Structure formats: structure tokens, C-alpha cells
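Dear colleague,

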Amino acid sequence: MNLTIRTRLITAFLVLISLTAFVYYLGKTIANDLNDQINIIVKENTHKLILSSQLAEDVQFITKREKDLILSAEKETLQEVIIETDQALSEMNDRLEELKSVEDEGGLEDIAVFEEKWENYLKVYKKIRSLALLSTDSADAAAYELSVTTAREVAAGAVNLIQFRVKNNQKELKEIAVQTNGVYEEGSNLMLISLLIAVVIATVMALWIILSISSSIARAKEALKAVSEGDLTVEIKNTTKDEIGDLLNYLKDMVGKLKEVIGAVTSVADNISSASEQMSGSSQQMSEGSTEQA
């Protein structure tokens with residue numbers, strides 16, 4: 001490939017700039033992927049895990065207050081327990097709606113089943129609360145019977161489901177952590193490979209430029225040395241079309257011109273020598289004629 005030194009240098013710099021830009025783009029892409037994964041962990045999965053854990057705590061709190069309803073004998077204490085429970089139920093409903101807003105399709109299906117089980121429990125809870133407010137032995141016995149049978153059964157179903165959501169969210173966090181590690185390792189490997197390729201390409205281009213320039217300079221040096229020593233028979237070969245190639249062509253033309261000038265001078269000298277010989281012969285003839293006349 002016959003390229004000028006300027007073109008080769010510009011090409012080398014453009015290639016290096018392109019490789020640098022590619023490595024930067026690759027690093028930026030990997031950083032964005034990692035950032036997206038971290039955002040998913042922080043904004044979605046961690047949030048879902050926190051909400052699911054809080055819901056599990058709400059369920060346990062409300063079921064404990066249910067037992068307090070049965071054990072409390074004073075009206076004032078019963079009212080305090082009911083107020084605490086109602087407040088906990090209100091906060092639980094808010095958290096449940098917030099969880100529904102961030103859950104995926106599978107999570108929404110589980111929440112729908114949880115809501116159904118929880119509604120069944122609340123129906124039983126309201127019966128227990130009504131019986132507890134009567135404050136009679138028979139009512140307390142009936143409330144206790146509902147608490148240890150139906151309420152326990154439906155509450156256990158809701159608790160198991162919400163705990164399943166907690167474990168599922170923990171599993172998702174672990175999976176995302178594995179994916180994030182995979183993205184990091186893959187990105188690191190790609191950047192390392194890109195860096196090695198860039199180093200190889202830069203080395204090849206540097207060697208190409210150095211060898212081509214040094215080869216041209218060596219040929220020009222040999223030709224100039226021969227001409228400086230007066231050897232005009234030197235054969236100047238040029239296989240490149242760069243600036244040094246142009247210099248060799250100019251040197252070749254100069255040597256050709258010098259050969260023409262020297263040839264012309266030699267021809268004139270030969271002609272002068274021949275004329276001198278003719279004049280010498282004529283002089284000798286004139287001398288001989290003068291001698292004969294004398």
C-alpha cells in the first residue's frame with residue numbers, strides 16, 4: 001500500500017482514537033448496565049422485600065392483638081386493643097397497595113391470593129372482636145374456639161403466603177446479584193480483550209510506519225552516499241510513493257541530468273582534442289613547407 005507518511009500517521013492516530021472511543025463506549029455501556037441492575041435492586045426488589053417483611057410483621061401483630069381481645073376483660077383495654085388493631089390494619093392496607101404498585105405479574109397473583117385469605121381471616125377476626133366486646137363467659141369461649149380453629153387456619157395461610165413472598169424477593173435479589181456479577185465479569189473481560197486488541201493494532205501500525213519509513217530512509221541514504229562519492233552509476237530503486245519516495249525520484253532525475261551534463265562535457269572535450277590534433281598536424285605541415293622553401 002503506497003501511502004504518504006502524512007497519511008500513514010493520520011490513519012494511525014485515527015485508528016487509535018477510534019479504539020479509545022470504542023473502549024470508552026464499552027466501559028460506559030457496562031457501567032450503565034450495572035447502574036440499571038443496582039437501581040432495580042434498590043428501587044424495586046429491596047423495596048418489595050421491605051414491604052413484604054413489614055406485611056408479615058403486620059399480620060403477626062394483628063393476630064397477637066386478636067389473642068389480646070380474648071384475654072382482656074376490661075372495656076377500656078379492649079378499646080385500646082381495637083384502636084391499635086384498626087390503625088395497624090390501615091397501615092397494612094397502605095403498604096399492601098404500595099407493594100401492588102411495584103410487584104410483577106407473578107407477585108400480583110400471589111398478592112391476590114393473600115388478599116383473599118386475609119379477607120377470610122378479617123371476617124373471623126370481626127366475629128371474635130364482636131364476641132370479645134360482649135364480655136361474657138360464653139362469648140369469650142366462642143371467641144377462643146374461633147381463634148384456635150378457623151382464625152388460626154386462615155391466618156396461617158395468609159402468613160405462609162406473605163412469607164413466601166419475602167423468600168421469593170430474597171431469591172430475586174440473589175439472582176440479580178448473580179446477574180450483576182456476570183455483567184461485571186463479562187464487561188471486564190470485554191474491556192481486557194478490547195485493550196489487548198487495541199495494543200496489538202497500535203503495535204502493528206507503529207511497526208508498519210517505522211519499518212516503511214526506515215526502509216525508505218535507508219535507500220535514500222545509500223543513494224545519496226554513492227552520489228556524494230561521485231558514483232553516478234548507482235541504480236536508484238523506489239517502490240514507495242511517499243515523501244521519501246519523491247525525494248528518491250528527484251535524486252534519480254538529478255543523477256540522470258548529471259550524466260547528461262558529464263556526457264556533453266566529455267563530447268565537447270573529445271571534439272576539442274580532435275581539433276587540437278588537427279591544428280597540430282596543420283602546424284607541422286606548415287613547418288615542413290617553410291623548411292622546404294628555406
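This is a predicted model: local features need pLDDT of at least 70, side-chain atom pairs count only at pLDDT 80 or more; totals for chains, interfaces and linings use all residues.

Val166 is buried, with a relative accessible area of 13%; buried means under 20% relative accessible area, exposed over 50%, and partly exposed in between (1.4 Å probe, protein chains only). This residue belongs to helix H4, where helices (H or I, at least four residues) and strands (E, at least two) are DSSP runs numbered from the N terminus. Leaving aside neighbours within four places in sequence, Val166 is in contact (heavy atoms within 4.5 Å) with Leu49, Ser52 and Ser53. Val166 and Leu51 are 115 residues apart in sequence, and their C-alpha atoms are 8.7 Å apart in space.

Residues are numbered from 1 along each chain as its sequence is written, and side-chain values use heavy atoms, with hydrogens and water left out.

Ser52, one of the contacts of Val166, is placed in helix H1. Its relative accessibility is 0%, so Ser52 counts as buried. Neighbours within four places in sequence aside, the contacts of Ser52 are Leu99, Ile162, Arg165, Val166 and Asn169.

Overall architecture

The protein chain has five helices and zero strands, and its elements run α-α-α-α-α from the N terminus on. Of its 294 residues, 29% count as buried. Among contacts between residues at least 6 apart in sequence, 77% join residues at least 24 apart. The accessible surface comes to about 19000 Å², 59% of which belongs to carbon and sulfur atoms; accessible areas come from the Shrake-Rupley method with a 1.4 Å probe, and for residues only the protein chains shown count as cover.

Helices H2 and H3

H2 has 28 residues and reaches 41 Å from its first C-alpha to its last, close to the 40 Å expected at 1.5 Å a residue; the expected span is 1.5 Å times one less than the number of residues. H3, with 30 residues, reaches 44 Å between its first and last C-alpha, close to the expected 44 Å. The buried residues of H2 include Leu78, Met92, Arg95 and Leu99, and those of H3 include Phe114, Trp118 and Tyr121. Just after H3, Ser135 takes a positive phi of about 55°.

Nonpolar cores

A nonpolar core is a set of buried Ala, Val, Leu, Ile, Met, Phe, Trp, Tyr and Cys residues joined through side-chain atoms within 4.5 Å. The largest has 31 residues, of which Ile62, Leu69, Met92, Phe114, Trp118 and Tyr121 touch the most other members. At least two residues of this core come from each of H1, H2 (75–102), H3 (105–134) and H4 (137–228). H3 gives the most, with nine residues. Apart from this core lies another, of six residues, among them Ala220, Leu248, Leu251 and Val255. Tyr121 touches Ile62, Thr63, Glu66, Ala151, Val154 and Ala155, not counting residues up to four places away in sequence.

Salt bridges

The structure holds seven salt bridges, each being a side-chain nitrogen of Lys or Arg within 4 Å of a carboxyl oxygen of Asp or Glu. In one of them Arg95 pairs with Asp58, the closest N and O atoms being 3.0 Å apart. Arg95 lies in H2 and Asp58 in H1, so the pair ties together parts that are 37 residues apart in sequence. Arg95 counts as buried at 18% relative accessibility, and Asp58 is buried at 9%. Arg95 also forms a salt bridge with Glu91, with the closest N and O atoms 3.8 Å apart; both lie in H2, four residues apart, about one turn of the helix.

Arg129 counts as partly exposed at 22% relative accessibility, as does Asp86 at 34%.

With kind regards
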